[in-house]
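Here is a quick tour of one structure, with charged pairs to begin with and helix packing to finish. Have the model open and follow along.

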Amino acid sequence: MFSYRHGFHAGSHADILKHYILVQLMRYLQEKPGALSIVDTHAGAGLYSLQDGFAAISQESSDGIARLHEFIANHSSQVPASLQAYLDCVQIENLESHIALYPGSPFILARLLRPQDRLRLFELHPSEIDILRANIDGLGLAKQIDVYAADGFSRLKGLLPPPSRRGLVLIDPSYEDKQDYRHLELCLEAALMRFATGCYAIWYPVIARRESIALPQRLQAIAKAHERDWLRAELRVENAPGERRLQSSGMFIINPPWTLKDRLAEVLPLLKKAIGINAGASYTLQASES
Ligand code: SAM
């Protein structure tokens with residue numbers, strides 16, 4: 001427990017997929033003026049330097065956001081508006097065109113908050129929580145953002161349903177503990193019992209582990225049992241020879257915006273081309289029949 005530091009993976013292909021989708025969910029849910037209640041059950045540190053610390057050691061962002069940024073600079077006429085919206089969120093933290101800082105989900109969500117919206121962040125790591133608090137303090141949004149040093153899995157249900165009945169939940173465990181798969185399912189079941197119409201976004205690694213292979217089917221079964229629509233998007237990059245990084249990850253959305261599948265159908269091929277590296281790159285896009 002607690003060996004995972006998200007800084008190693010900041011700005012990676014997995015972050016790009018997750019945060020691109022997060023931005024689309026926010027944009028869609030904010031089309032209506034009603035207050036939005038947002039929960040990030042596994043927040044991380046919030047903001048990451050790509051030039052030093054963990055990110056500089058792993059260099060995952062070199063093949064992720066840095067590669068995407070360069071691709072976009074050379075193909076600016078091909079950038080769909082939805083992808084630009086994500087890139088704008090990254091750019092906010094960077095004064096120049098060079099990407100030196102990468103925003104984690106708390107910063108992406110915080111920067112998109114409207115005055116009526118509320119964000120709750122959970123983080124358990126004893127060092128990450130202090131960094132997260134300091135980073136969030138710097139935003140000056142204390143009235144809208146609460147940071148808890150607590151277990152996001154067990155605390156989520158107590159926040160549901162939100163008073164406005166409009167909510168977005170990101171569940172983004174590290175899966176360093178095999179129990180995370182089980183805790184995720186229990187957490188999601190309890191959340192859907194209380195707030196079936198909420199929008200839930202779950203990130204997962206696509207790895208050769210029994211629990212991981214089974215997860216998308218299990219999430220589909222949960223969505224089906226609650227009569228909810230779902231969408232599954234996965235992006236696989238082909239590592240350079242000898243590289244042992246995570247190659248593939250996915251996002252599973254319950255109650256997805258009706259616009260999301262079309263947006264992803266446009267953007268996933270572009271991401272594959274921009275950051276896929278070798279010919280083995282691919283993507284998956286599936287949704288329930290609605
Ligand atoms: N959501 C972040 C982002 O996109 O920038 C990344 C989060 S990282 C994948 C997962 C984080 O969850 C880690 O910082 C870890 O310390 C934290 N964590 C692990 N178990 C937790 C739990 N039960 N409740 C809250 N946070 C937890």
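## Across the chain: D63 and R245

Before anything else, keep in mind that this is a predicted model. D63 is partly exposed, at 23% relative accessible area. Its salt-bridge partner is R245, with N and O 2.8 Å apart.

On accessibility, R245 comes in at 19%, so it counts as buried, the cut-off being under 20%.

How many salt bridges does a search of the whole structure find? The count is twelve. Another of them pairs E93 with R111, where the closest N and O atoms are 2.8 Å apart. E93 is in the loop between α4 (81-92) and β3 (101-103) and R111 is in helix α5 (residues 105-112), so this bridge ties together parts 18 residues apart in sequence. Is each partner buried or exposed, or something in between? E93 is buried at 10% relative accessibility, whereas R111 is partly exposed at 38%.

Then there's D117 with R114, a side-chain salt bridge with an N to O distance of 2.9 Å. Here D117 is buried at 2% relative accessibility, and R114 is buried too, with a relative accessible area of 14%. Salt bridges also chain up: D15, K18 and D172 form one network through shared partners.

## The nonpolar core

Now for the greasy part. The largest nonpolar core contains 89 residues. Which residues have the most contacts inside it? They are I21, I65, L68, L83, Y86 and Y200. Helix α1 (residues 13-29) supplies the largest share of this core, with ten residues.

L83 is a handy one to click on. Leaving aside residues up to four places away in sequence, L83 touches Y20, I72, V267, L270 and L271.

## α1 against α4

Two helix pairs are worth a look, and L83 takes part in this one. The α1 and α4 axes come within 9 Å of each other and cross at roughly 105°. That angle makes α1 roughly perpendicular to α4, because 65 to 115 degrees counts as roughly perpendicular.

On the α1 side, the contact uses I16, H19, Y20, V23, Q24 and R27. From α4 come A81, S82, L83, A85, Y86 and C89. Sort the residues of this α1 and α4 contact by class and you get eight nonpolar, three polar and one charged.

## α3 against α10

The second pair is α3 and helix α10 (residues 260-275), which pack at about 105° with their axes 9 Å apart. So α3 is roughly perpendicular to α10.

Who meets whom? R67, L68, F71 and I72 of α3 meet L270, L271, K273, A274 and I275 of α10. By class, the α3 and α10 contact has seven nonpolar residues, two charged ones and no polar ones. L68, on the α3 side, is one of the residues with the most contacts inside the largest nonpolar core.

Terms used:
Residues are numbered from 1 along each chain as its sequence is written. This is a predicted model: local features need pLDDT of at least 70, side-chain atom pairs count only at pLDDT 80 or more; totals for chains, interfaces and linings use all residues. Side-chain values use heavy atoms; hydrogens and water are left out. A salt bridge is a side-chain nitrogen of Lys or Arg within 4 Å of a carboxyl oxygen of Asp or Glu. Buried means under 20% relative accessible area, exposed over 50%, partly exposed in between (1.4 Å probe, protein chains only). Helices (H or I, at least four residues) and strands (E, at least two) are DSSP runs, numbered from the N terminus. A nonpolar core is a set of buried Ala, Val, Leu, Ile, Met, Phe, Trp, Tyr and Cys residues joined through side-chain atoms within 4.5 Å. Contact means heavy atoms within 4.5 Å. Axes are lines fitted to C-alpha atoms, for helices over the stretch in contact, and angles run from 0 to 180 degrees between N-to-C directions. Angles under 35 degrees count as roughly parallel, over 145 as roughly antiparallel, 65 to 115 as roughly perpendicular and the rest as oblique. Ala, Val, Leu, Ile, Met, Phe, Trp, Tyr, Cys and Pro count as nonpolar, Asp, Glu, Lys and Arg as charged, and the others, Gly among them, as polar.
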